[in-house]
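Visitor: Could you walk me through this model, one question at a time?
Guide: Gladly, let us look at it together.

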Amino acid sequence: MPIRIVKNKTPKVVLFYTAFCPFSNFHPTEFSAKYQEKTLSFNCSEQYLMYRKAIIAEDPESADNILKMAKPLLMKRAGRKLKMSEEMLKEWSSKSGDVMFDGCLQKFSQNENLRLTLFRTHGMFLAEASARDKLWGIGLGVNDKRAEDRKQWKGANKLGKILEKVRDELWENEEFRRDRELIEKEDEEKRCESLEKS
């Protein structure tokens, strides 16, 4: 199951993992983004993240290669192989959160079904339940009982927090008022049911 909701908490906690989940950076999603006067097409938010990392690494060849890739895991590996000076790593560390926010904002603003799924989490906490990732995730797996308690999380959950920020910004955007009103008609139980089927 790509999404598991901890329902005995207030607010509820949405634990997600695997590429099948719309909140994952590996989830296949077409969107475009303007960067340095160019409008580029991306097939997932991982591609956007690693492309921007390659730009900071001053490696245009790797950036172009990442744009041609179809598999998110290969993009991630390409991003890890980038040769970066200490200064570049520092810059990436300070900018990666904003880059992720930009990519997710484009992804969810341009894809109605994904946006509706994100809107269904309104008022809930989002958490990437990755046992291996203590930066973007919570450092605990989706089926780990400790993942149900935010006080026991082992990671910073940067992706979860960014998705909440993206959700809240789009929720307030008049352009998506119809989507918001649609979700507001659903009770919480129905929203949770729909999320767990995502």
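Guide: A residue is called buried under 20% relative accessible area, exposed over 50%, and partly exposed in between, using a 1.4 Å probe and protein chains only. This is a predicted model, where local features need pLDDT of at least 70 and side-chain atom pairs count only at pLDDT 80 or more, while totals for chains, interfaces and linings use all residues. Residues are numbered from 1 along each chain as its sequence is written, and side-chain values use heavy atoms, with hydrogens and water left out.

Visitor: Is C21 buried or exposed?
Guide: The relative accessibility of C21 is 0%. Because of that value, C21 counts as buried.

Visitor: How many disulfides are there?
Guide: A disulfide is a pair of cysteine sulfur atoms within 2.5 Å. For C21, the nearest cysteine sulfur belongs to C104 and is 11 Å away. C44 is in no disulfide either, with the sulfur of C104 nearest at 11 Å. The count comes to 0 disulfides.

Visitor: What kind of aromatic pair do F16 and F23 form?
Guide: Rings of Phe, Tyr and Trp (its six-membered ring) pair if their centres lie within 6.5 Å; planes under 30 degrees apart are stacked, over 60 edge-to-face, and the rest tilted. The rings of F16 and F23 are 5.6 Å apart, centre to centre, with 75 degrees between the planes. That makes the pair edge-to-face.

Visitor: How many residues apart in sequence are the parts that F31 and Y48 tie together?
Guide: Helices (H or I, at least four residues) and strands (E, at least two) are DSSP runs, numbered from the N terminus. F31 and Y48 form a tilted pair, 6.3 Å centre to centre with 55 degrees between the planes. F31 lies in strand β3 (residues 31–35) and Y48 in helix α1 (residues 45–56), so the parts tied together are apart in sequence by 17 residues.

Visitor: Which ring does the charged end of K158 sit over?
Guide: A charge sits over a ring if NZ of Lys or CZ of Arg is within 6 Å of the ring centre and within 35 degrees of the ring normal. The charged end of K158 is 4.6 Å from the centre of its ring, which belongs to W136.

Visitor: At what angle do α1 and α4 pack?
Guide: Axes are lines fitted to C-alpha atoms, for helices over the stretch in contact (heavy atoms within 4.5 Å), and angles run from 0 to 180 degrees between N-to-C directions. The axes of α1 and helix α4 (residues 86–109) are 9 Å apart. Their packing angle is about 150 degrees.
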